[in-house]
Amino acid sequence: MKLLILSLCIIANLSYNGKASLESFMPTKNNMILADTTKGSDKSCSRPCKFNVKPRRCTYDFEITPLIEENGRPTLTVNTLTPGPPIQVCLHDIVIVKVKNKVPNQDVSVHWHGVEQKGTPFMDGVPMITQCPIAYGSIYEYAFIASSPGTYFYHADSVAHQSDGVYGSFVVGQPQPSEPHSSLYDYDRSEDHTLIVGAKFDDLLTGRLEDVSRIRPDNLVVNGEETDTKIFVMQGYGYRLRFINAIALECPLLISVERHPMTIVASDASPVQPVIADAVRLYPGERMDVVVRTDQESGGYWVRVSGEGVCDGLSAHAMLLYSGFNYTNMLEQGPALETESSYETVVFGQQLRSLREASHVANKKSVYLSIDKHSSKFKDADIDFSYRSDAMAKKPFFPAVLSSEEKVLQINGKNFLYPNTPYLLKPRDVPPSIMCDIGKEDEHKEPQCLQILKLQTNEVIELVLANEGFNTNDSYTFHMHGKKMEVIATWQNPSSTPISKADIDKLLKDDSITRNDKNPPIKDTVFVPNKGITIVRYTPIFGGSWLLECRSCSTLLPVAILISVPISIPKLVIDALPSCGNYRPADTLLN
Ligand SMILES: *[C@@H]1O[C@H](CO)[C@@H](O)[C@H](O)[C@H]1NC(C)=O
Ligand SMILES: *[C@@H]1O[C@H](CO)[C@@H](O)[C@H](O)[C@H]1NC(C)=O
């Protein structure tokens with residue numbers, strides 16, 4: 001069996017001619033563009049996807065290491081790269097990623113953002129929920145099936161590690177005739193036309209003791225570059241571009257292509273009814289696929305990415321370059337200093353309509369989640385840093401932010417508490433005393449608990465995410481692990497006054513909130529406007545332990561709930577997975 005796989009890879013490598021065609025577009029030989037950005041990956045998996053061929057096993061070796069960049073800035077990398085190697089596979093391929101942690105004194109894990117992990121919930125990458133964190137020197141082997149086509153990305157589960165550079169694109173292709181919108185474009189070159197946006201900070205966020213979620217980055221980068229990423233196109237065709245907001249802070253991004261309107265075809269890896277926009281807005285963790293027609297005068301055009309929220313005032317650019325255009329001057333001049341931008345149509349994912357009609361739901365339970373800041377008395381002991389997903393030194397001094405009277409963001413008046421053993425694998429080892437049921441948090445006296453919503457398979461619920469806004473003016477973005485959500489409504493109080501559960505109940509009863517029950521967009525990442533609500537429908541069709549988390553809310557006191565859907569993981573699997581903190585080789589063994 002092994003031999004067979006090996007020979008398959010060799011054959012595939014021989015026939016791989018990936019980026020050779022790019023050379024013809026370039027006015028000068030630029031080694032940077034031709035640099036191998038897929039170090040450590042099985043390139044044979046990046047290929048045109050065809051019908052009736054066997055899926056492949058795509059293996060990647062990832063080493064997460066700290067590195068000092070040329071400009072002296074420290075960063076975390078995957079195989080010395082940030083963003084990490086792009087992964088491109090075809091539908092049904094088996095993806096195997098061996099992640100080795102070479103960051104001293106840190107535990108890491110990698111989350112496959114948007115990947116549903118049906119049957120492999122222990123590959124979701126959330127420490128102390130779905131796995132033990134990967135200790136320094138250890139390896140965790142992620143393996144799952146690329147079961148759904150679209151644009152995804154991977155990132156370190158810790159906000160700090162992700163912000164420091166551990167993220168990369170992950171695209172699952174399918175045969176072109178299966179793509180619902182393939183008639184709208186001629187080229188879908190995900191290997192060259194995926195733009196993943198990150199942020200750069202002047203120093204590592206890893207290991208910092210304050211809440212890093214509100215730290216303003218220095219600048220934004222597209223595929224790791226501030227202005228140098230190039231998209232080569234030929235005149236007169238339609239191109240599918242894939243945008244990914246890989247920033248872990250509350251940084252919505254506005255993306256536009258100079259003089260090229262975009263047709264949106266997918267949001268969070270789900271096809272949507274096409275909509276034309278001058279600019280698209282992506283909240284942190286969101287992805288959007290758009291089609292751009294190169295019907296302008298042959299030339300070079302700036303793709304502009306501007307930050308909002310914490311990233312307000314920051315921008316990055318890429319270049320859309322028509323073949324034959326000499327872009328030397330464009331490179332030298334750089335993007336023009338922006339005047340006040342005015343786009344006629346700015347579209348974000350929640351406004352879109354799914355291509356597929358939703359099935360009618362008769363009985364559904366509604367669950368209200370109150371999101372707001374509250375004063376809470378935390379003791380040092382309340383924060384056990386030893387099993388936080390954000391890497392911190394163990395049991396440090398009391399963080400300044402909490403010793404002050406500052407209010408902290410909570411769901412139903414509580415912060416999420418990670419257990420000290422992975423809940424999915426060993427639920428009986430998690431003490432009931434740290435758990436609290438959603439809606440019954442009042443019965444729990446500590447400010448933190450493992451907030452849990454237990455659902456049955458195929459049970460339909462509607463979650464009302466209510467950003468009440470009594471004590472905060474911020475909007476927040478939530479990410480659902482496992483199964484995607486149907487976004488039924490997004491509403492912001494026009495009178496800009498805070499909202500309570502009673503207000504919302506009344507509005508819902510009076511049908512005053514516009515719902516889209518017919519074709520709600522299917523998403524894994526949603527924003528919840530301040531003094532507003534986002535209603536999502538969630539139907540678990542397979543088991544697992546899935547976080548619904550706000551990554552951008554706080555890095556000290558997690559804001560999340562755990563959705564638990566019955567599953568029994570075979571003992572064989574549990575025994576085969578690494579147990580917590582069991583293997584830490586000496587530094588000398590690492591190389
Ligand atoms: C591109 O333009 C630059 C500056 O105008 C010029 O020096 C260079 O020779 C041109 N390159 C080609 C291939 O025409
Ligand atoms: C929110 O904005 C309102 C109106 O500008 C202001 O009065 C209030 O103090 C703000 N609240 C917070 C928590 O910043």
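Predicted model: local features only at pLDDT ≥ 70, side-chain atom pairs only at ≥ 80, totals over all residues.
Staying with Asn326 for a moment: one of its polar side-chain atoms sits 2.4 Å from an oxygen atom of ligand 1. How much of the ligand does the protein cover? On its own, ligand 1 has 370 Å² of accessible area, and the protein covers 35% of that.

Now, let me take you to a sheet. This one is open and has six strands, and if you want to trace it on your screen, the order is E10-E9-E12-E17-E14-E15. The pairing is mixed. Which strands stand at the edges? Those are E10, residues 219–222, and E15, residues 270–277. Each of them has a single partner strand, so one side of each is left without a neighbour in the sheet. If you look at how neighbouring strands here are turned against each other, the average is 25°, ignoring direction.

Let's look at the E15 end of that sheet. Strand E14 covers residues 262–267, and its pairing with E15 is antiparallel, over five bridges. To give you one pair to find, Ala266 has Pro271 in E15 as its bridge partner.

The one to find now is His111, in strand E5, which runs over residues 110–113. Is His111 buried or exposed? Its relative accessibility is 1%, and buried means under 20%, so His111 counts as buried. Setting aside residues up to four places away in sequence, His111 touches Asp124, Gly125, Phe153, Tyr154, His155, Asp157, His479 and His481.

Our other residue is Asn473. You will find Asn473 in the loop between strand E26 (461–467) and strand E27 (476–480). With a relative accessible area of 65%, Asn473 is exposed. What does Asn473 touch, leaving aside neighbours within four places in sequence? The answer is Asn530 and Lys531. With Lys531 there is a polar contact, side chain to side chain, at 2.8 Å. Along the chain, Asn473 and Pro529 are 56 residues apart, yet their C-alpha atoms are 9.3 Å apart in space.

Note on methods
Residues numbered from 1 in each chain as written. Chains lettered and ligands numbered in written order. Heavy atoms only, no water. Helix = DSSP H or I, 4+ residues; strand = E, 2+ residues; numbered from the N terminus. Buried < 20%, exposed > 50% of the residue type's maximum accessible area, 1.4 Å probe, protein only. Contact = heavy atoms within 4.5 Å. Polar contact = N/O pair within 3.5 Å; in protein donor to acceptor, adjacent residues only side chain to side chain. Areas by Shrake-Rupley, 256 points an atom, 1.4 Å probe, with all protein chains shown as cover. Pairing = 2+ DSSP bridges. Axes fitted to C-alpha atoms, helices over the stretch in contact; angles between N-to-C directions.
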